[in-house]
Amino acid sequence: MAFRLASETYAFSRYGVEKTAHVLALDHVSHSTKGGNTFYYFLEMDGRRFVKDFRGRLPEGRSLSVLSLPHDPTQVIPGTNKSSTFDIFSGLIGGHVMAVLAILLYGLLAWAGPSALVEWFKKRRQIING
């Protein structure tokens with residue numbers, strides 16, 4: 001999941017093209033037992049209509065700026081060419097609070113994982129032999 005989020009954030013920040021999408025209507029909402037909702041909207045962009053999932057609500061019946069990937073125009077997130085990498089990451093994960101929590105969690109794992117491995121390696125004989 002972390003790699004997917006990082007690669008999508010990079011793709012949108014590096015190759016994203018700003019376009020205007022019209023939010024036609026809310027198609028449906030998917031509720032997760034683990035928390036959070038996914039909102040599926042009918043969008044119209046460049047003469048095409050498609051359904052796209054978003055982690056937050058969008059204004060129905062209005063237009064908004066989105067970033068689109070050139071190789072897959074249906075891959076969109078709310079944003080502009082001036083959106084920061086953090087804003088793009090926030091749009092993918094579900095908001096600024098979730099983005100900060102994810103960065104803190106991944107940072108903790110990046111620090112604690114190797115530290116725990118080093119400690120385990122130092123005490124491996126004691127752990128194995130009891």
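User: Which residue takes a positive phi in the hairpin of β2 and β3, and how many residues lie between the strands?

Analyst: In this predicted model, Asp 46 has a positive phi near 55 degrees, and the hairpin has two residues between its strands.

User: Why is the aromatic pair of Tyr 10 and Tyr 15 called edge-to-face?

Analyst: Two criteria apply. The ring centres must lie within 6.5 Å, and here they are 6.3 Å apart. Planes over 60 degrees apart count as edge-to-face, and the angle between these planes is 90 degrees. The pair is therefore edge-to-face. It is one of two aromatic pairs in the structure.

User: Why are Tyr 10 and Tyr 15 described as partly exposed?

Analyst: The class covers relative accessible areas between the limits of 20% and 50%. Tyr 10 has 47% and Tyr 15 has 45%, so each is partly exposed.

User: What is the distance of Arg 124 from the ring centre of Phe 121?

Analyst: Arg 124 lies over the face of Phe 121 at 4.1 Å from the ring centre; the distance limit for such a contact is 6 Å.

User: Which residues lie nearest the centre of the largest pocket, and what is the make-up of its lining?

Analyst: Arg 4, Asp 53, Arg 55, Leu 92 and Ile 93 lie nearest the centre, out of 17 lining residues. By class, the lining holds 10 nonpolar, two polar and five charged residues. At least two residues each come from α1 (2-15), β3 (48-54), β5 (72-78) and α2 (85-93). The space in this pocket is about 350 Å³.

User: What makes five residues of the second largest pocket's lining polar?

Analyst: Gly is counted as polar under the classification used. The remaining classes are three nonpolar and two charged residues. α2 gives the most to this lining, with three residues, and the pocket holds about 170 Å³ of space.

Terms used:
Residues numbered from 1 in each chain as written. Predicted model: local features only at pLDDT ≥ 70, side-chain atom pairs only at ≥ 80, totals over all residues. Heavy atoms only, no water. Phe/Tyr/Trp six-rings, centres within 6.5 Å; stacked < 30°, edge-to-face > 60°. Buried < 20%, exposed > 50% of the residue type's maximum accessible area, 1.4 Å probe, protein only. Lys NZ or Arg CZ within 6 Å of the ring centre and 35° of its normal. 1 Å grid on protein atoms, 1.4 Å probe; cavity = no way out; pocket = protein on both sides within 12 Å on 5 of 7 lines; lining within 4 Å. Points joined across faces, edges and corners; volume = space filled by probe spheres on them. Helix = DSSP H or I, 4+ residues; strand = E, 2+ residues; numbered from the N terminus. Pairing = 2+ DSSP bridges.
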